[in-house]
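Colleague: I would like to learn how to read side-chain features in a model. Please take me through them one at a time.

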Amino acid sequence: QLQLVESGGGLVQPGGSLRLSCALSGNTVDNYSIGWFRQAPGKGREGLSCISSNGATTNYVDFIKGRFTISRDNAKNTVYLQMHSLKFEDTATYYCAADYWGPGGSTCYGLESDSETFETWGQGTQVTVSS
């Protein structure tokens with residue numbers, strides 16, 4: 001059974017950086033499109049970025065382009081979200097999620113707030129941007 005575990009969250013000052021990790025167990029990362037999402041208190045879920053199962057395609061929502069980067073390390077079975085220039089409004093619980101494609105999947109989608117594309121979710125990691 002696939003499990004996802006996020007880590008790397010914490011308290012950071014505005015303008016700072018964090019790298020979130022999403023470690024997979026129970027299957028290999030190259031079978032899945034992986035997405036990153038977040039949810040702030042009192043707000044709905046926001047899709048941020050995804051990477052295809054073959055690793056060749058990444059997608060980002062507009063408001064994080066240029067600040068966040070998604071990447072993958074097959075050897076570690078882990079997907080990362082590198083975040084730079086963090087702002088107060090980036091404070092949220094960040095989640096990763098997996099959508100099964102099998103190897104060779106060349107696209108990823110499902111970042112809409114009401115998307116049901118991703119079948120398996122992690123427990124989340126808290127990011128707090130505060131001075």
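**Reading charges, rings and core**

Modeller: The structure holds four salt bridges. A salt bridge here is a side-chain nitrogen of Lys or Arg within 4 Å of a carboxyl oxygen of Asp or Glu. This is a predicted model, so local features need pLDDT of at least 70 and side-chain atom pairs count only at pLDDT 80 or more, while totals for chains, interfaces and linings use all residues. Residues are numbered from 1 along each chain as its sequence is written, and side-chain values use heavy atoms, with hydrogens and water left out.

Colleague: Which residue forms a salt bridge with E46?

Modeller: The general idea comes first. Side chains of opposite charge can pair when their charged atoms come close. Here R38 pairs with E46, and the closest N and O atoms are 2.7 Å apart. R38 is buried, with a relative accessible area of 5%. E46 is partly exposed, at 33% relative accessibility. Buried means under 20% relative accessible area, exposed means over 50%, and partly exposed lies in between (1.4 Å probe, protein chains only).

Colleague: Where is D90 found, and is D90 buried or exposed?

Modeller: D90 is in the loop between β8 and β9. Its relative accessible area is 0%, so D90 is buried. D90 also forms a salt bridge with R38, with the closest N and O atoms 2.8 Å apart. R38 lies in strand β4 and D90 in that loop, so the pair ties together parts that are 52 residues apart in sequence. Strands (E, at least two residues) are DSSP runs, numbered from the N terminus; helices (H or I) need at least four.

Colleague: What does D90 touch?

Modeller: Leaving out residues up to four places away in sequence, D90 touches R38, R67, F68, S85, V127 and V129. Contact means heavy atoms within 4.5 Å. A network of salt bridges links R38, E46, R67 and D90. Elsewhere, K65 forms a salt bridge with D62, with the closest N and O atoms 3.1 Å apart. D62 is exposed, with a relative accessible area of 63%.

Colleague: Now the rings. How many aromatic pairs does the structure hold?

Modeller: A pair of aromatic rings is described by the distance of the centres and the angle of the planes. The structure holds four such pairs. Rings of Phe, Tyr and Trp (its six-membered ring) pair if their centres lie within 6.5 Å; planes under 30 degrees apart are stacked, over 60 edge-to-face, and the rest tilted. F37 and F118 are edge-to-face, at 5.3 Å centre to centre and 80° between the planes. F37 is in strand β4 and F118 in the loop between β9 and β10 (120-121), so this pair ties together parts that are 81 residues apart in sequence. Both F37 and F118 are buried. Together with W121, they form one aromatic cluster.

Colleague: Which charged end sits over the ring of F37?

Modeller: That of R45, 5.1 Å from the ring centre. The test is NZ of Lys or CZ of Arg within 6 Å of the ring centre and within 35 degrees of the ring normal. R19 lies over the face of Y80, at 4.1 Å from the ring centre.

Colleague: Last, the core. How many residues has the largest nonpolar core?

Modeller: In soluble globular proteins, nonpolar side chains tend to be buried together. The largest nonpolar core here has 34 residues. Such a core is a set of buried Ala, Val, Leu, Ile, Met, Phe, Trp, Tyr and Cys residues joined through side-chain atoms within 4.5 Å. I34, W36, L81, M83 and Y94 have the most contacts inside it. Strand β9 gives the largest share, five residues.
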